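The sequence and the model are shown first, and the description follows.

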Amino acid sequence: MDFDVIVLGAGIVGVSCALHLQDRGRRVALVDRRGPGEETSFGNAGLIESSSIVPYGFPRRLGTLLRYARNQSTDLYWDYRALPAFAGWLGRFWWESSPKRLAMAARDMLPLIRQSVAEHDVLIARAGLERLSHDGGWIEAFRTPSELDGQAAAAQAAVRDYGLRVTPLDATALRAKEPGIGAGFCGALHWHDPKSISDPGALTKGYAGLFEQTGGTLLTGDAATLRAQGEVWTVQTSAGEISAKEVVVALGPWSDTVFEPLGYRIPLRAKRGYHMHYRPTGTVLSVPVVDTEKGYVIAPMQAGLRLTTGVEIANRDAAPSPVQLERAERIAKTLFGLGERLDETPWLGRRPCTPDMRPVIGRAPRHRGLWFAFGHNHHGLTLGPVTGRLLAEMMTGAEPFIDMRPFRPERFG
Ligand SMILES: Cc1cc2nc3c(=O)[nH]c(=O)nc-3n(C[C@H](O)[C@H](O)[C@H](O)COP(=O)(O)OP(=O)(O)OC[C@H]3O[C@@H](n4cnc5c(N)ncnc54)[C@H](O)[C@@H]3O)c2cc1C
């Protein structure tokens, strides 16, 4: 079978790229070894996070670094066996996290983040997925007054600089807004602009359904079978060999499956994280809540209350560890009224991360017809549709609506 474009990877990024290309008249095959939205895009916290303009940098406060060094925290857990493989990456991440460079990253990411909710809204309406999408933003809760005061001041700067809407809540106002939260927080910030998705996997599958309805072809296959044969690319699928002149690598944390054998040295690493669903025992939260100082999220989902953990530094394919989820669960259980566990085992996900905190979107410099769309870090659910639009604009010769230079693959040399 012959297509115009083969998109490898049916997470939120690949599905969005495929849909936008199909919309622009390309004949597109979307290939995954699993069903759409069954990996990282399935298990995240569900935030379309239009208030996170400044990316999550490497912490620079001495107290935080000492806490991480002891490896006892809930927000970061590291497996010492992974440190040699991560050392260079972490060094670059540290360098990119200086206040000046972080401000540059925020400036580059701003136009994508700003457009994120609007791009989802279009697809949600077209796919009839309104039942999964919730207004109301999310709540960032704090345990220590000094931390709350510092973050409230930073929030005011975000209101001023980026026009974001945020309401400070003291402990009483927080309890009034979310009666399901127990005592433990001194106050919170309620960010109003973001949306939340109560089943991110179903959202991705819904977008993939829309892709098929508009004439797209969804196939099962292994991206490792990609071959260049003259001017065309071929991939083996369950429907036989398919070919196209252009191919998009949207394999999230597995994108190195394709770019490494082709000789690209892009520093992509997986920051791992877990989730578990719980039966609520009291009043259910109306919006997701982040226990900021402990570094986990509790999100009301269709499947129950979903606890998602912070970052685990471990080799991508190492066996799951129970440590981080158990630590967070112990803290959250009474605070958020978490009843029995609803999943047999914790879900393990891998955030596809670049050390400069920007995704890789654009033409591969050394291979004709090869395009990259991966590395969306902590915000791939947020950025999937806007990435799809930008990539499709580039591939069809239209002028992308933002400057794409900060995202070009060759920035890593
Ligand atoms: C705990 C946690 C919480 C998060 N919370 C949020 C949040 O609230 N908001 C937000 O915006 N982001 C969040 N994220 C990040 C977000 O989930 C990711 O950035 C995003 O899902 C990445 O999407 P993707 O399409 O690039 O990758 P994926 O969804 O992983 O898709 C990659 C696809 O490639 C396929 N694949 C891999 N190898 C092959 C192969 N050899 N052949 C064929 N197919 C292959 C996989 O099956 C998969 O379907 C969170 C992540 C985690 C782990």
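In this predicted model, helix α5 and helix α11 (residues 380-395) pack at an angle of about 90 degrees, and their axes lie 7 Å apart. Because of that angle, α5 counts as roughly perpendicular to α11. On the α5 side, the contact is formed by Met 109, Leu 112, Ile 113, Gln 115, Ser 116, Glu 119, His 120 and Leu 123. Their partners in α11 are Leu 381, Thr 382, Leu 383, Pro 385, Val 386, Arg 389 and Leu 390. Sorted by class, the contact of α5 with α11 comprises nine nonpolar, four polar and two charged residues.

Helix α5 (residues 99-127) also packs with helix α8 (residues 200-213): the two axes come within 9 Å and cross at roughly 70 degrees. The crossing of α5 with α8 is left-handed. Here α5 contributes His 120, Leu 123, Ile 124, Arg 126 and Ala 127, while α8 contributes Leu 203, Gly 206, Tyr 207 and Leu 210. The contact of α5 with α8 contains six nonpolar, two polar and one charged residues. His 120 and Leu 123 of α5 take part in the contact with α8, and both are also listed in the contact with α11.

| Helix pair | Angle between axes | Distance between axes |
|---|---|---|
| α5 and α11 | about 90 degrees | 7 Å |
| α5 and α8 | roughly 70 degrees | within 9 Å |

The description now turns to empty space. Rolling a probe the size of a water molecule over the atoms shows where such space is left. The model has one cavity of 30 Å³ or more. The largest cavity holds about 140 Å³ of space. Its lining consists of 14 residues, and those nearest the centre are Pro 55, Met 357, Asn 377, His 378 and His 379. Eight residues of this lining are nonpolar and six are polar, with no charged residues.

The second largest pocket has a volume of about 220 Å³. It is lined by 13 residues, of which Asp 256, Leu 268, Arg 269, Ala 270 and Arg 316 are closest to the centre. Three elements, α4 (83-96), α9 (256-259) and β14 (269-280), each supply at least two residues of this lining. In the lining of the second largest pocket, eight residues are nonpolar, one is polar and four are charged. The lining of the largest cavity, by contrast, has no charged residues.

Conventions. Residues numbered from 1 in each chain as written. Predicted model: local features only at pLDDT ≥ 70, side-chain atom pairs only at ≥ 80, totals over all residues. Heavy atoms only, no water. 1 Å grid on protein atoms, 1.4 Å probe; cavity = no way out; pocket = protein on both sides within 12 Å on 5 of 7 lines; lining within 4 Å. Points joined across faces, edges and corners; volume = space filled by probe spheres on them. Nonpolar A, V, L, I, M, F, W, Y, C, P; charged D, E, K, R; others polar. Axes fitted to C-alpha atoms, helices over the stretch in contact; angles between N-to-C directions. Helix = DSSP H or I, 4+ residues; strand = E, 2+ residues; numbered from the N terminus. Left-handed = near helix turned anticlockwise from the far one by under 90°. Contact = heavy atoms within 4.5 Å. Parallel < 35°, antiparallel > 145°, perpendicular 65-115°, else oblique.
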